[in-house]
Amino acid sequence: MGYAENLGSYWRGRYKLAPGKYATVRDADGDAIRFRTKAAAKKAADAEEAKLLAGTKKAPSERITFGAYVNRWYAAQDLAASTMQNYRRHIEEHLLPAFEDFAIADILSTDIAAWEKRERAVPYAATSVKTWRATLHLILADAVDEGLRESNPATKRRGRGKRAGRSRNRGPEKAVTTALGILLLAERMALLSGRDDEFVCGILKGYTGMRWGEIVGLETEFVRPKSIRVEWQLYELDTGELHRCPPKDDSYRDIDAPDFLAALLASHIARTKPKPCECHGLAYVFRGHGAANGSVSRPGAKLVDVARRAGVSTGTVSNVLNRPGAVAEPTRLKVLEAITDLGYVRNAGAGELAAHWRRSGFATWLFRPAATGRYPGRGNQEEHPVPVVAEPWPGIPARGRGASKRAEACWVPIAPGLTPHGLRHTHKTLMREVGTPPKLMDERMGHEDGSVQARYDHITAGMRQALMTALTGMWEEALDARRAMSPGSPVGVLDALLRARG
């Protein structure tokens, strides 16, 4: 029979699990229940023991620490490498430091609440802490299933422990931009990298809403005349390896491509002639912009940029570099001045580029400076504006030593707070703006709506065509607005598009 234990200000119910082994009456969150009277504690303890005897309750069969259980839990999982990497990071960096020596059966909801409060105080983002708690909940749920404890203390009770007013777990609103913003952002990324590839990538992401891994993992065989097939993604592991795996949530799909986007991709592939990479043996649409072996020391201004800056042909610039005697002295001096202003490095792009973009490098040194007009801080150097030579518009980033002294201007922000994933939000927003049916939006984004309403909703050819027409209209308006700012561009592919509209 159970018994009541007097703990001074309250009573605790205790019931027999096995000879010499007793357990405490707990609530659904794993917290010991504090009874006001001896009779109530005894009654609850008797009820729990009766459940054990009747077989409707399973007694914990062993005591094991959280750290030991996690090692066993890892071995039982059969998940994608990317998923296991995330679980390991959550557990090893955030859960083990707090719970490793706790017995699985002894972890209480109050322990978890205290840990969560400490994590938020670091401070870590509320969304990150929520993700780590979800991993803890998953592990403890499996422990409950194995009979190692009676309930899951990581289960969040609705409304419990909240302050009044605005939710503390609500993240900041995701920054988005416009069709013109996509165009200007893509142009700046190309100027920062010194090649056209980032322009094509920016337009592709803004007008399809593809995920980062889907863009990096886009193979040439899946670029079709009227659509883009999302069949694989490349997921970057902590080891640096790019793991080829199915798209998130198995969101295989065909994304309709407007004619302008299909032509842009086809021209890019024809120009770059992608070769199979060493890591996967497959031809990908895009290559990384960084050096694979250190030989590409300074991506940036190209020969054509120098020619535009000096107002001469690329042949003249080549003569200045190779046969200076064949060029008139005033012209030669003008070209040399442009080379100095831009920080042009001869043969800087002759080495082998990395096979693929890296998420952090792309976001930090291309996307963020393009969106904000500022380079992030690094080491002892604080965040600072991107130094640019003013002509030709919108300005070419100055490179090398003394770049800030040679700069004539800096870029104004396009969309502060925008991230590469924000372009995915932007695409969804643009589709909403033109009244795209929810079913078609979900298809393009790789989302699945399991509601009954969605089951009875269908996509027609007319809906698809209406969206393609709307996206094309946005693109053409953006080109016209960009051309009104300046009729040309230092980015070759954009320059051709602008001049074609003259």
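User: Where does T436 lie?

Analyst: T436 sits in the loop between α15 and α16; helices are DSSP runs of H or I with at least four residues, numbered from the N terminus. This is a predicted model, where local features need pLDDT of at least 70, side-chain atom pairs count only at pLDDT 80 or more, and totals for chains, interfaces and linings use all residues. Residues are numbered from 1 along each chain as its sequence is written, and side-chain values use heavy atoms, with hydrogens and water left out.

User: Is T436 buried or exposed?

Analyst: Buried means under 20% relative accessible area, exposed over 50%, and partly exposed in between (1.4 Å probe, protein chains only). T436 has a relative accessible area of 9%, so T436 is buried.

User: Which residues does T436 touch?

Analyst: Contact means heavy atoms within 4.5 Å. Not counting residues up to four places away in sequence, T436 touches M431, M441 and L467. With M431, a polar atom of the T436 side chain lies 2.9 Å from the backbone oxygen.

User: What is the phi of G435, which follows α15?

Analyst: The phi of G435 is positive, near 75°.

How values were computed
Helix = DSSP H or I, 4+ residues; strand = E, 2+ residues; numbered from the N terminus. Polar contact = N/O pair within 3.5 Å; in protein donor to acceptor, adjacent residues only side chain to side chain.
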